[in-house]
Amino acid sequence: MGLRGLVLTLGVLTGGRAWAQATPPGETQAPAVPAPTAGAKKGESPAAAVSVPPSPGSAPYVGPQPAPPPIDVEALRAAERAEREAAVRAAREEAEASLNAEIFLRAAETAELRATVESLKEQAAAAAKAAAEAPPSVRAARLGLGLTGYVQADLAFRQSSEDQINGATGNPLNEDRFMIRRARLRATLDRTYVAGLLELDGNTVNGPTARIAGAEASLRLPGPDGDRGVPLLMATIGLFKIPFGWEVIESDRDRLFLERSTTERALFPGEYDVGARLQGGWRFLRYSVAAQNGEPVGERSFPLRDPNHQKDWVGRLGVDAADGPVQVVAGFSGLYGTGLHKGTPATKPTFQWNDSNEDGAIDPTELRPVPGRAAQPSINFPRHGLGGDLRIVVTTPRLGRTTAYGELYYARDLDRAILPADPTGAIGAVGRSYRELGWYVAIMQDLGEHLTVGARYDYYDPDRDARDSQVGMVVPSSASYSTLALVGALRAPGGRLIVEYDINRNHLGRTVSGVPTNLKDNVFAIRGEASF
Ligand SMILES: [Ca+2]
Ligand SMILES: [Ca+2]
């Protein structure tokens, strides 16, 4: 381009000069030649091109030499100059064109860059505006914070509901109602060697209630899978679920059935108790052992407190193995603890009037002295429970998960909610042990991504030695409860809509002839659940 033009110009110039030097003016040998054309190669001698040798046959000329034609030097120089100027002009034009092209290119690039910068500026402004209008993020003092929560709101219809008040407890007998069953907020701390948890619960089961649900502080030794896997050893102190069986420790937000089985609600009411726990796993083995106060949240007299210094020892040893689409969880559990019979204060002697003839007047025979009674001390009694659980989960690609599980409970004087045990010989106590037996089997089936159905049958006998008095005779009786729960759930990542029908069987009713019979108590319930 420009460079080549310059080189060409220089070549022309040097060639021209060489030719001018080789043929000085006045030389006879070289005739006048036309100026080399612009296409002449550099270095080509113009003299060689014009030498004409004499023809061999001609006679030698002996006369005076004709004067050579005069060489027009000025014309030659003018031609040379014109040629040089043309070359320079061409080179300049070529350079100018190249420069113009360069300038045009640069201008286009600059425009493009400017447009890019403007666009980036707009994006930055939009991002800044969005950030300014965004909701505040959760701040935490430590890394590893987790925040989850859910709401379970129920609408239930129960056959045994009556628009009456229970005289003993003062609670309404009507259970056809809307209810916030659980509204939980849970914050967790998850570090390599330290873990923590705080869970709060709100509900309207017995009126508006806000309470602590879980609180744990843990030290842990991570297993081979690191922080996310099961720790080799984790030592926890705080408020946590009683580590017995499967159902007690199952998360409420995972369970398909609205409530746990009757046995679980009798033996471990409320699930949570305060204590210390060691738990962990190695490969497929799982273990958990805890010492707890022995008075769970749902216990009636001293929930989450401890009226005696003995602690309840409870633990579970099990396996959790997965092979392809099949997962098996199984374990044995045991509990040994100490319950308390509440003592009574001393009473003074009193008079009692019993209007036996119902005339509204005091007759001397209706007055009766009631002697005072000394205070009765509280009495401890032992209690224990054993359990086994098995759960099999099979995942099929299209259908989803099929889960079959069951659990068996055998216990003595462990009931703390439905038929509380009190085997001591104190006044007002039952005076004998209750042997409790309960079990359930359940199956759940996913039907695609958004539908799950399930059925569960559970049985609970709070007193296997129950007797009944009929026509003056004591006869064996049953105090058992059984429930068939049928449930269907519509689920999405953020929540579930669950419909459940419970067919309850009990022995709380009496026939007209006085024989214990079923008290109609079926329940239909709808639950809306939202979770994050
Ligand atoms: Ca205790
Ligand atoms: Ca009377």
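This is a guided walk through one protein chain, from its overall make-up to a few individual residues.

The model is predicted, so local features are described only at a pLDDT of at least 70 and side-chain atom pairs count only at pLDDT 80 or more, while totals for chains, interfaces and linings use all residues. Residues are numbered from 1 along each chain as its sequence is written, and chains are lettered from A and ligands numbered from 1 in the order in which they are written.

Let's begin with confidence. The pLDDT, which is the predictor's confidence in each residue on a scale from 0 to 100, averages 87 over the protein, and 87% of the residues score at least 70. Confidence is highest in strand β5 (residues 233-241), at a mean of 97, and lowest in helix α2 (residues 46-50), at 44. Over residues 5-54 the pLDDT is below 50, and beyond near neighbours in sequence this stretch has 36 contacts in the model. Two residues are in contact if their C-beta atoms, placed from the backbone, lie within 7 Å. Where pLDDT is low, the predicted coordinates should not be read in detail.

Now for the overall picture. The protein has four helices and 22 strands; these are DSSP runs numbered from the N terminus, with helices being H or I of at least four residues and strands E of at least two. Of the 532 residues, 21% are buried. Here a residue is buried if 20 or more other C-beta atoms lie within 10 Å of its own, exposed if 12 or fewer, and partly exposed in between, with C-beta atoms placed from the backbone. Among contacts with a separation of 6 or more, 57% link residues 24 or more positions apart.

Helix α3 deserves a look of its own. Its 61 residues (residues 73-133) should span 90 Å at 1.5 Å a residue, and the end C-alpha atoms are 89 Å apart, which agrees. The expected span is 1.5 Å times one less than the number of residues. Of those 61 residues the number buried is one, so α3 lies largely in the open.

The strands come next; two of them pair if DSSP finds at least two bridges between them. Strand β8 (residues 312-323) runs antiparallel to strand β9 (residues 326-341), joined by 11 bridges, and D320 has V329 in β9 as its bridge partner. These strands form a hairpin with two residues between them, in which G324 takes a positive phi near 60 degrees. On to strand β12 (residues 379-396): β9 pairs with β12 in the antiparallel sense over 16 bridges, with L335 partnered by G385 in β12.

A further set of strands involves β18 (residues 481-492), which is joined to strand β15 (residues 451-461) by 10 bridges in an antiparallel arrangement. In this pairing V453 stands opposite G488. β18 also pairs with strand β19 (residues 495-505), in the antiparallel sense over 11 bridges, and T483 stands opposite N504. Two residues lie between β18 and β19 in their hairpin.

What holds the interior picture together here is the nonpolar cores, sets of buried Ala, Val, Leu, Ile, Met, Phe, Trp, Tyr and Cys residues joined through C-beta atoms within 7 Å. The largest has 16 residues, of which I242, F244, L267, F268, V314 and L414 touch the most other members. The elements giving two or more residues to this core are α4 (262-267) and β13 (400-412). Apart from it lies another core, of 14 residues, including W246, Y405, A489 and A525.

Among the contacts of I242, beyond four places in sequence, are F268, V314 and E271. E271 is found in the loop between α4 and β6 (272-282), and its phi is near 65 degrees, a positive value in a residue other than glycine. With 22 C-beta neighbours inside 10 Å, E271 counts as buried. E250, in the loop between β5 and α4, is partly exposed, with 17 other C-beta atoms within 10 Å.

Finally, A530 in strand β22 (residues 523-531) is partly exposed, with 14 other C-beta atoms within 10 Å. Leaving aside neighbours within four places in sequence, A530 is in contact with Y150, V151, G494 and G495.
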